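Here is a brief report for a reader new to this structure. Please keep the sequence and the 3D view at hand.

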Amino acid sequence: MSFFITTPIYYVNDVPHIGHAYTTIACDIFSRFNKLKREDTFFLTGTDEHGQKVEKAALVQKKDTQIFVDEMSKNFRELVPFLGCDNDDFIRTTDDKHKSSAQFLWNKLKSNNQIYLSNYEGWYSIRDEAFYQESELTKVENGFVAPSGAPVEWVKEESYFFKLSEWENKLIEFYEKNKDAILPKSRYNEVTSFIKGGLKDLSISRTTFKWGIKVPEENNHVMYVWIDALCNYITALNYPDINNDKFKKFWPGIHIVGKDILRFHAVYWPAFLMAADLEPPKKIFAHGWWTNEGQKISKSLGNVINPYEIIDQYGLDQIRFFLFREVPFGNDGDFSKDAIAQRVNADLSNNYGNLIQRIASFIIKNANAEVSKPKKIEEKDEKLLQQFNLTFKSYLKNMESFQIDKALKNIFDYLSEVNAYVDEQAPWSLKKIDTTRMQDVLYVITLITIKCSVLLQPIIPSSIDKVLNIYNFSLKELDLVNINDFNPDTIKLNLPKPIFPRIEK
Ligand code: MSP
């Protein structure tokens, strides 16, 4: 099976923050998980560089727009490896390849009689790059604001429209047949009731500014930034060449997006695709938003979380772990320093790190730095090993349904049992009375520690490299396909260095 996963492409009007990092890491986790299952995997991210919001940002900085987007896109590109993410491609909407792909899509929609010229008059938010109905807005002192809190302005211009209203039934039909095409379930309900409420045709071109992809055979119109942006997902698969291997293998793909941009992905995008004779996305997962110490994150409040600072302070895998263990994927979450310290100390330092540290050090000191297959497996050992199989099954089920927090809980609940087994079997006592049994127990613990580490790899990859190194294994020989058969005759150990130091509050 093949697996295509995408982040939204990020607006380059400003520098990256924790919200961007969150979506990118989520995709990296699913991509690594699928690579570890030996699936043919393609993980795409990139930048969204057209539109009024970006044009305005360049103007404020008094920079040439192209130079500005070149500089800003670089910030996003460099952030990806800093987050420990292993993307397969990075797309920019200002790439020539993308411009011609978006223009091809436009022409296709046009020749399928899906586009007409008219006039748009209504509300627009530059910050959200979205059109709003007056009924969606809230009155404030000097005008109206969108549900996101973004200011709106009244625009009146000639515009091309996409016949979105014609796709109402087709969309409903598609979602009736594919009940898990939008996750979590609550978001599915939200989208389908929005569609059932009736769809209006969508304005898809603008004439009041120039920074966008030119509408084919038009001088005054640039494409509405969302039709341009959404198309990135297929540009990366070499659209319009839909018979090439990449497209055939990877489309339809899976989009991970924030809840704020679900409508674009789950209503407009599938409609564009179907109208262009293409398949709608396989799945769209909408995640929640982070607050900072209980407060909405915003530039005006000055509480924007810089991913570089936070990772320098707490460590990369510590942050990756916190973001996905702490809050069910799909829910909103609160970023607090106390919560990070508590979570990292309890799970990574105590439950997991200490287990590795004390057992590996003990083996090095008391068992010649190696363990061999047990002479005799006792019932308690068997039970623990069996429990790993159950843990592994739930982990797979949860990761496949995008419930990273639950998959992590499976592993850490199990690690608590492993720790209880260690205390109960007490190898340090066995050392004095029964060294054969001591050896057997140490092997069981080591084997299980290695197996749990493989399961943790998608979430905390660089730490797991270090952990596996202690046992002289690597992911080249061990993955989610052959883990059940992993049962080496001997395991030789290297001296462990502490991998998850406690965070002092
Ligand atoms: N350019 C569009 C996406 C086009 S995709 C074809 C866009 N870009 S964005 O840079 O504004 O946002 C990207 C993502 O960051 C969104 O998924 C959004 O939900 C996410 N986040 C922004 N702030 C966030 C938080 N505070 N918390 C979590 N995610 C947040 O939208």
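The report covers a sheet, a ligand site and a pair of helices.

## The model

This is a predicted model. Keep that in mind for each section below.

Strands of a sheet pair through backbone hydrogen bonds, and the pairing is either parallel or antiparallel.

Now follow strand 9 (residues 153–162). Strand 9 pairs with strand 5 (residues 115–125) over ten bridges, in the antiparallel sense. With strand 11, strand 9 makes an antiparallel pairing over two bridges. In strand 11, S203 is the bridge partner of F161.

## The ligand site

How many residues surround the ligand? There are 22. The closest are I9, D48, G258, D260 and W290.

Three of these residues can be followed down to atoms. D260 uses its side chain: a polar atom there lies 2.5 Å from an oxygen atom of the ligand. I9 uses its backbone, with an N or O atom 2.8 Å from a nitrogen atom of the ligand. G258 also uses its backbone, where a polar atom is 2.9 Å from an oxygen atom of the ligand.

## Two packed helices

Two packed helices are described by the angle and the distance between their axes. Helix 12 spans residues 316–325, and helix 15 spans residues 404–425. They pack at an angle of about 110°. Their axes are 8 Å apart. Angles of 65 to 115 degrees count as roughly perpendicular, and helix 12 and helix 15 are therefore roughly perpendicular to each other.

Which residues make the contact? Helix 12 brings F321, F324 and R325. Helix 15 brings I404, D405, L408, K409 and F412. Five residues of this contact are nonpolar and three are charged. No polar residue takes part.

Notes: Residues numbered from 1 in each chain as written. Predicted model: local features only at pLDDT ≥ 70, side-chain atom pairs only at ≥ 80, totals over all residues. Heavy atoms only, no water. Axes fitted to C-alpha atoms, helices over the stretch in contact; angles between N-to-C directions. Helix = DSSP H or I, 4+ residues; strand = E, 2+ residues; numbered from the N terminus. Parallel < 35°, antiparallel > 145°, perpendicular 65-115°, else oblique. Contact = heavy atoms within 4.5 Å. Nonpolar A, V, L, I, M, F, W, Y, C, P; charged D, E, K, R; others polar. Pairing = 2+ DSSP bridges. Near = heavy atom within 4 Å. Polar contact = N/O pair within 3.5 Å; in protein donor to acceptor, adjacent residues only side chain to side chain.
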